Amino acid sequence: MSVTLTPAEAPAKTGRAARVPDRHHRGVGRWIVLAVVTAGAVLMLVPFVFMLLNAFKTPGQYSTDGPLSWPSEFYTQGLRTYWTQVDFPQKLWNSALIAGSVAVLAVVVSLLNAYALGIGRVRGRLWIVGAFLLANMLPQESLVYPLYYFAKEVGLYNTRLVVIIIFTVIQSAFGTYLLASVLGTFPKSLLEAAALDGSGKWTILWRVVLPNVRPTLAVLLVFFFIWTWNEFLIPLVMLIDNQTQTIPVALASLQGDRLMDAPTTNAGALISLVPAIVFFLIFQRTLSRGITVGAEK
Amino acid sequence: MAATDALVTRGDTDPKGRRGPRRRRGDAGYWLYLLPGAVLFALVIGGPLLFTGYLSLTRWSGIGDPTFVGLENYQRLLDDTVFWQSFRNTLAMIVAMVVVPTVVGLVLAAVLFDTIGRRFKPRTANALRAAFYLPQVLPVVVAGIVWGWILRPDGALNGLLDAVGLGALTHDWLGDPDTALPAVMGVMIWVQIGYPVVVFMAALQRVDPELYEAAEIDGAGWARRFRAITLPQIRPETFVVALTCTIAAMKVFGPIYALTRGGPENATNVPSYFAYYTFFKKLQVGYGSAISTVLTLIIVVVALLFIRAQHRAERRDGSA
C-alpha cells in the first residue's frame, strides 16, 4: 500500500513508511494468530465430524468401540431406518411445500404493503410500519394458543395450509418493514414518467417498481424460505401427523424416543441438514449479489 | 384537510392547486394495496395478540368458556419459583447468545479482517469465516439433536474425555441440574458465534483500508486500531446484532425443546418453553397467556430501549 503514496507526500513519510514492510513480515505473531483462529474454526467443525463418523457405524460397534472409533464398515441401516421410520420423502415434501409457498406469498404481500407505504405514502404509515416491525419481534408464544384454537374451530388444524397462512403473515411483517424503506427512496422521476405515459398504479407496480427491486425481492425470498424451513414452535403445535409434519418436527419427536440408537440419531441429523446446506450453497450467490445491489442504491 | 384542499382548488386555478385533490384520490387508491396485508395481519397477529391478553385475565382449560379472574394469574406468577427460575435462565441465555458471541465476534471479525485478511490470502480469511458460520446454516433442531447426543452419557464428549485419560470427568452433562445450564449455554454459543462474525466482517468491507494503513504507519498497535477504528466504524451493525440476538435469546425455544425440555428440575427452563408447557401439557391456558404476555411486554420494552439508545448514539455522532 505504501506504493500508492504520491511522490509529493512520500519524502515526508519516508521515516515512518520504512517501518511498514518490517511490520508486515513480523513472522511469529501472525502465525500464532492464524494458529489460534484456525484451532477455533476446527473446534466449530468437530460436531459435524462426529456426526459423519457415527452416522455410518453399526450400533454394535458404537457400544463396544465408542463414539470416536473409525467405522469398520459402511453401515447404512441407520440411514434407512430413519428414512422409512419418519417417511422422510413425505417430510421433505411438506417442508418444501410450506417453505416455498410462504416464500412466494410473503414476498407478494410484502411488495403490496410496501407499495402502499413506501410509494403511496398513505397516512399514518410510520405507525403501520412500526406495527409490522413489532409483529416480527413478538414471541410466537403470545399468538400460538389463539391460533391453535381458531385453527381447530375453522377445521384447519393439522393442515399445511394453516401453517402457510401464519408464516406468510409473520415473514411479510419483516418484508414490509424492509421493503417500505427501500421503496421510500424509489426515484420519483421513474414514477412520474410512467404516470405521464398514462400508466395506472397497478401497471406501475408490476412494470416499473417490481423490475427495480427484483434483487431485494430475491434476497427476501431466500430468507423467507430458510426461516420458514427452520421454524419449530408453530409447526410443532399445528402439525401432528406423519402426512403433514415438517423435517424439524419429525426429527424432534423421534428424539424423545430414548431407544433410538446413536447411528440412527446421527443419520437422521445428517440427512435433515443436507437440504438446508444444498439450498444455502445454491442461493449463496443470490444473497451476496442482492445485498451488494441493495448497497449500491 | 379535505375542506382546505377543496377551497384551494376552487380559488386557485394554477396546476399546483389542482394537484391537491388528485393526490388525495391517489392515497385512497394506495390503501387498496394495503388491504390484503392488513386483513391477514389482523387475523394472524392483531386478533390473537389481543385474545392472549384477554385470556391472561381468565382461567381456562381450552374447553368451554373462559372464567374471568382479573389479575389472579399475574399474582400467581409473582410467587411462582419456576417463573423466576425461567427468567434467571433467560439472563444466562443472553450471556450465551448475545454477550459472548458479540464480544468474541468483534475480536474474531477484526482479527480475520485486519490481521489474517491482510497478512495472508483473503481466501484464508474466507474459509475460516465459513467454518464459524456453518452452524448457522443448519436447522436449530438438528443442532439440538446432534449436541444432545454428544452430551449424552454414552456420547462423544465423554468418549473424548475417556480417550485422553480424563475418564474421571465423564458426566451426564444434560442430566445433571448443575451442568445442564452451562452445557446448553455452550451449545448456544456454538450456534450463535457465526452470525456476528459474518455481519461484522461485511461491515468492515466498507471501512476505508487507508484508515488502517495510516494508523499503522503512525505506529498504532493492533489493540489501538481495534479501539480507534474497528469499534466506532461498525457500531451500527453492533447495535443491530445485539438487538436481534437479545430478542432471539428471550424467545429461545427450539434448542431447549430439543436438548432438555426445560429439565432437569427446571435447570434449563425458559419463559417460552414454560409457556408452551403450561398451554399444551398442563392445559392452563389463562396462566400460559399471562406468562407469554409478560414475555411480550419485556421484549417490547427492551427493543424500544435499544432503538432509543441507538438513536441517541447516532445523534451524538451527528452533532460531534
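This is a predicted model: local features need pLDDT of at least 70, side-chain atom pairs count only at pLDDT 80 or more; totals for chains, interfaces and linings use all residues.
**Stop 1: the annotated domain in chain B**

Start by selecting residues 87-306 of chain B, which an unreviewed UniProt entry lists as "domain: ABC transmembrane type-1". Colour the span by secondary structure: 78% of it is helix and 0% is strand.

**Stop 2: the transmembrane regions**

Next, highlight the spans that the unreviewed UniProt entry calls "transmembrane region": residues 28-51, 91-113, 133-151, 180-204, 239-259 and 285-307 of chain B. Two of them are worth a look by themselves. Residues 180-204 of chain B are 96% helix, with end C-alpha atoms 37 Å apart. Then move to residues 285-307 of chain B, where the chain is 100% helix and the end C-alpha atoms lie 32 Å apart.

**Stop 3: a nonpolar patch on chain A**

Turn to chain A and show A:Val104, A:Val108, A:Trp202, A:Trp206 and A:Leu221, which make a nonpolar surface patch of about 460 Å². Helices α6 (88-119) and α11 (201-230) of chain A each give two or more residues to the patch. Which of the elements gives the largest share? That is α11(A), with three residues. Zoom in on A:Val108, in helix α6 of chain A. Its relative accessible area is 37%, so A:Val108 counts as partly exposed.

**Stop 4: where rings meet between the chains**

There are 44 aromatic pairs over all chains. For one of them, select A:Trp31 and B:Phe120: their ring centres are 4.9 Å apart and their planes stand at 75°, so the pair is edge-to-face. This pair crosses between chains, joining helix α3 (residues 27-55) of chain A to the loop between α4 (81-119) and α5 (122-137) of chain B. A:Trp31 is partly exposed at 48% relative accessibility, while B:Phe120 is buried at 14%.

**Stop 5: a stacked pair within chain B**

Now show B:Phe253 and B:Tyr273, a stacked aromatic pair with 6.0 Å centre to centre and 25° between the planes. B:Phe253 is in the loop between α12 (235-251) and α13 (254-259) of chain B, and B:Tyr273 is in helix α14 (residues 271-280), 20 residues apart. Are these two residues buried or exposed? Both B:Phe253 and B:Tyr273 are buried.

**Stop 6: charges over rings**

Then select A:Lys201 and B:Tyr30, where the lysine lies over the ring face at 5.1 Å from the ring centre.

Conventions:
Residues are numbered from 1 along each chain as its sequence is written. Chains are lettered from A and ligands numbered from 1 in the order in which they are written. Side-chain values use heavy atoms; hydrogens and water are left out. UniProt positions are given in the numbering used here, feature names are shortened, and annotations may be inferred rather than shown by experiment. Helices (H or I, at least four residues) and strands (E, at least two) are DSSP runs, numbered from the N terminus. Patches are made of residues with over 30% relative accessible area and no salt bridge: like charges are joined within 9 Å, nonpolar side chains (Val, Leu, Ile, Met, Phe, Trp, Tyr) within 5 Å. Accessible areas come from the Shrake-Rupley method with a 1.4 Å probe; for residues, only the protein chains shown count as cover. A salt bridge is a side-chain nitrogen of Lys or Arg within 4 Å of a carboxyl oxygen of Asp or Glu. Buried means under 20% relative accessible area, exposed over 50%, partly exposed in between (1.4 Å probe, protein chains only). Rings of Phe, Tyr and Trp (its six-membered ring) pair if their centres lie within 6.5 Å; planes under 30 degrees apart count as stacked, over 60 as edge-to-face and the rest as tilted. A charge sits over a ring if NZ of Lys or CZ of Arg is within 6 Å of the ring centre and within 35 degrees of the ring normal.
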